[in-house]
Protein chains: 4
Amino acid sequence: MKASYVGDYEQWVEGFQFHIEVRVRFSETDMFGHMNNTVSFTYFEQARIDYFRHLGVLMPAAIDENVKGIPIVADLQCDYVQQVFFDDVLRIYTKVAKIGNSSMDLHYLAKNQRDEVCFTGRGTIVQMDPQTGKSVPISEEDKLRLKSLAVN
Amino acid sequence: MKASYVGDYEQWVEGFQFHIEVRVRFSETDMFGHMNNTVSFTYFEQARIDYFRHLGVLMPAAIDENVKGIPIVADLQCDYVQQVFFDDVLRIYTKVAKIGNSSMDLHYLAKNQRDEVCFTGRGTIVQMDPQTGKSVPISEEDKLRLKSLAVN
Amino acid sequence: MKASYVGDYEQWVEGFQFHIEVRVRFSETDMFGHMNNTVSFTYFEQARIDYFRHLGVLMPAAIDENVKGIPIVADLQCDYVQQVFFDDVLRIYTKVAKIGNSSMDLHYLAKNQRDEVCFTGRGTIVQMDPQTGKSVPISEEDKLRLKSLAVN
Amino acid sequence: MKASYVGDYEQWVEGFQFHIEVRVRFSETDMFGHMNNTVSFTYFEQARIDYFRHLGVLMPAAIDENVKGIPIVADLQCDYVQQVFFDDVLRIYTKVAKIGNSSMDLHYLAKNQRDEVCFTGRGTIVQMDPQTGKSVPISEEDKLRLKSLAVN
């Protein structure tokens, strides 16, 4: 539980108010018998997109045609606390930890059906114009929605 | 070796004149200790695209901007003959088995480093206009290139 | 809807009494903008395993330690009827179409949120002893459970 | 190029003496048209395993039956510098940055066919006994081999 972005653990956990549920697929295991470590990032992606949909912000153009930018992953990080197995049911929590001008920091927490922490993570999302490759400021409207829920 | 599309096995194998090589990744295994059965279709896709590049036909728009249609998979099939393991080096053979007006039939054969048949497969590719969803006839030029190599 | 294993479509569809629901992940799309065609096989795998769990048959050893054999995929097939997109919610139906001594035939049907058929499929599962590589007869108990639900 | 683990960039790059080559698969792209960000971790895994094989250390039991522990990923991190596209040919460099008692720090660097940095990364590997879940000290022999090549 010592990842540097976590800080005070109790306080960090309390900040999460949104989660999705995933069941570990057979094809997501590897020959060591557990969930392959690349899979957690797929879960983070799903949680992030569902979170944005829930908030109504930063939706991909496929969903909202008015969007000028697309959310691009600038960096990603995962800390594995405990092995995850086939058929485990995970809750993937996510929250906005910091909002910048055209980027934001998201944190992630995965707990299994026994409420044990399996892995944690974080990553920066930048809103980018896919034509120019330049960053696009997050709208004030989106910022308000994000801030209303962002609890550090 | 009894998949219906194979017919006479010796003759079928002789028809292959192109292959790619793949090494089974750790993340492509599952908890049964072998290559997960969904992975063979990823290898087929890679072999098909490299084969088209080799022939200079049906390239995705990312490669050739003059293309009006994109190659769409209409059906896919895989017959598993022998287990495949982490680090096995597979040769994925592919050939055109039949050419239609706007579609073609591709066959696949996977052999490991001991020259053992691991799996075989087939699938139909249709050239489609992504805007209209309608099939696009394969150009005479592409057909000639395909026929020069297609051996049943 | 013309895949050979479907036969009479209305009758075929009526035979399905079990399904799972999946939402197409962002990472499961490809640069053509739709669900990559290799993904359907992952959904079939998930449907098959959940179906076996529902019936209480052929469970992987991770779930039921009394199992002597493991269910191995002998062949797989998918016919793509209609494009599938990010965020589509699919119902993946599965049923036992035929039961042999140590193998069985499963059929699959995928419908989207507008109740449109997106793809169909089938595949043979063989119960195999992972130590010897030989097929293991399906127990009479398992056969009874399977037959009580298998409707062709 | 500002990831904290990089430090002095020129010096950091010089430390890499091993790389693998991967070509971005079609199925590894997503609907944004580039390599999905979860894929870099698959490449890191492949580079790490090939690096260990090259050094003859920490091999999975499938390769070397004398191994008492298996290499477990404790954490993973990726910083995306530039978009990666279908068919790009990447060199994935890896090196040991630090060796502990039963763990080590690996760094990664991905460059494309134009020698542009696409992403960098790092992660901790712990040697673990899969039976007990406890860490297993890295053998002196393995340490020597690792140190002979580890250049910070």
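Modeller: A residue is called buried when its relative accessible area is under 20%, exposed when over 50%, and partly exposed in between. Please note that the model is predicted.

Colleague: Is C:D87 buried or exposed?

Modeller: The relative accessible area of C:D87 is 14%. The cut-off for a buried residue is under 20%. C:D87 is therefore buried.

Colleague: With which residue does the side chain of C:D87 meet in a salt bridge?

Modeller: The N to O distance of the pair is 3.1 Å, and a salt bridge requires such atoms within 4 Å. The partners belong to distant parts of the chain, 64 residues apart: C:D87 lies in the loop between β2 (70–80) and β3 (89–99) of chain C, and the other residue in strand β1. That partner is C:R23.

Colleague: Which chain does D:D87 join to its own through a salt bridge?

Modeller: D:D87 forms a salt bridge with B:R53, with the closest N and O atoms 2.3 Å apart.

Colleague: How are chain A and chain D related?

Modeller: A rotation of 180 degrees, with 0.0 Å of shift along its axis, superposes chain A on chain D at an RMSD of 0.0 Å. The two copies are thus related as by a two-fold rotation axis.

Colleague: How much space lies in the largest cavity?

Modeller: Its lining comprises 29 residues, with 4 nonpolar, 17 polar and 8 charged. The space in the largest cavity is about 820 Å³.

Conventions: Residues numbered from 1 in each chain as written. Chains lettered and ligands numbered in written order. Predicted model: local features only at pLDDT ≥ 70, side-chain atom pairs only at ≥ 80, totals over all residues. Heavy atoms only, no water. Least-squares fit on C-alpha atoms with pLDDT ≥ 70 in both. 1 Å grid on protein atoms, 1.4 Å probe; cavity = no way out; pocket = protein on both sides within 12 Å on 5 of 7 lines; lining within 4 Å. Points joined across faces, edges and corners; volume = space filled by probe spheres on them. Nonpolar A, V, L, I, M, F, W, Y, C, P; charged D, E, K, R; others polar. Helix = DSSP H or I, 4+ residues; strand = E, 2+ residues; numbered from the N terminus. Buried < 20%, exposed > 50% of the residue type's maximum accessible area, 1.4 Å probe, protein only.
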